[in-house]
Amino acid sequence: MSGWVRVCATSELLPGESKVAWDGDTPILVVNLDGDFYAVEDQCTHEDFELSAGVFSDGQVECTLHGARFDLRTGEALCAPAYSPVAKFPVKVEDGAVWTRDDR
Ligand code: FES
C-alpha cells in the first residue's frame, strides 16, 4: 500500500470534469460529480482499455470500446460486456488539492 497521490488543485477539477492520476503503475480516474469526488481504476474490466476515454453522463462512464457502463460512485458494472466492478479508490480534499491512492 502506498501513500496519497496528489491529483490536482480542487480548482482544476470542477463539477463534470475528470482527471487521471497515477499511483505507481495504477491509473486512477478521478471525477467531480456535482461537487463530490470519486475515483476508480482507469481500466475497463472487460478488456484492458482506459475508461477516461469514455463517455460520461449521469454519474456513469461508458467504455468507448464495446459500450460497457460503470457507476462512477460505486464502480459497479451496469451492463454487458463487463460483469466485474472496476476498483474503487478513496479520495480526499486537503490543502486545496484532490488526493487519491491505490489502497489495495
Ligand atoms: S473494453 Fe470496455 S467494453 Fe470492452
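Student: Where is C8 placed, and in which strand?

Tutor: C8 sits in strand β1, which covers residues 5–9. Strands here are DSSP runs of E with at least two residues, helices are runs of H or I with at least four residues, and both are numbered from the N terminus. Before going on, please note that this is a predicted model: local features need pLDDT of at least 70, side-chain atom pairs count only at pLDDT 80 or more, and totals for chains, interfaces and linings use all residues.

Student: Is C8 buried or exposed?

Tutor: Buried means under 20% relative accessible area, exposed means over 50%, and partly exposed lies in between, with a 1.4 Å probe and protein chains only. C8 counts as buried because its relative accessibility is 3%.

Student: Which residues does C8 touch?

Tutor: A contact means heavy atoms within 4.5 Å. Leaving aside residues up to four places away in sequence, C8 touches L13, K19, A97 and V98. V98 is also the bridge partner of C8 in β10.

Student: How do I read the sheet that holds β1?

Tutor: Two strands pair if DSSP finds at least two bridges between them. In this case an open sheet of three strands has the order β1-β10-β9, with antiparallel pairing. Its edge strands are β1 and β9, each pairing on one side only. From one strand to the next, the twist averages 30°; for such angles, axes are lines fitted to C-alpha atoms (for helices over the stretch in contact), and the angles run from 0 to 180 degrees between N-to-C directions. Between β1 and β10, which run antiparallel, there are four bridges.

Student: What is the order of the four-strand sheet?

Tutor: That open sheet has the order β2-β3-β4-β8, again with antiparallel pairing. The strands at its edges are β2 (18–23) and β8 (88–89), and each pairs on one side only. Six bridges pair β2 with strand β3 (residues 26–33) in the antiparallel sense. As one detail, D23 has T26 as its bridge partner in β3.

Student: Which strand holds E41, and is E41 buried or exposed?

Tutor: E41 is in strand β4. E41 is classed as buried because its relative accessible area is 13%. The contacts of E41, not counting residues up to four places away in sequence, include T26, L29, L51, F89 and R104.

Student: How many disulfides does the structure hold?

Tutor: A disulfide is a covalent bond between the sulfur atoms of two cysteines. The cut-off used is a pair of cysteine sulfur atoms within 2.5 Å. A search of the whole structure finds zero disulfides. Another cysteine to look at is C44, which counts as buried because its relative accessibility is 6%.

Student: Which residues does the UniProt domain annotation cover?

Tutor: In the unreviewed UniProt entry, the annotation "domain: Rieske" covers residues 5–100. UniProt positions are given in the numbering used here, feature names are shortened, and annotations may be inferred rather than shown by experiment. In the model, the end C-alpha atoms of residues 5–100 lie 5 Å apart, and the span is 0% helix and 46% strand.

Conventions: Residues numbered from 1 in each chain as written. Heavy atoms only, no water.
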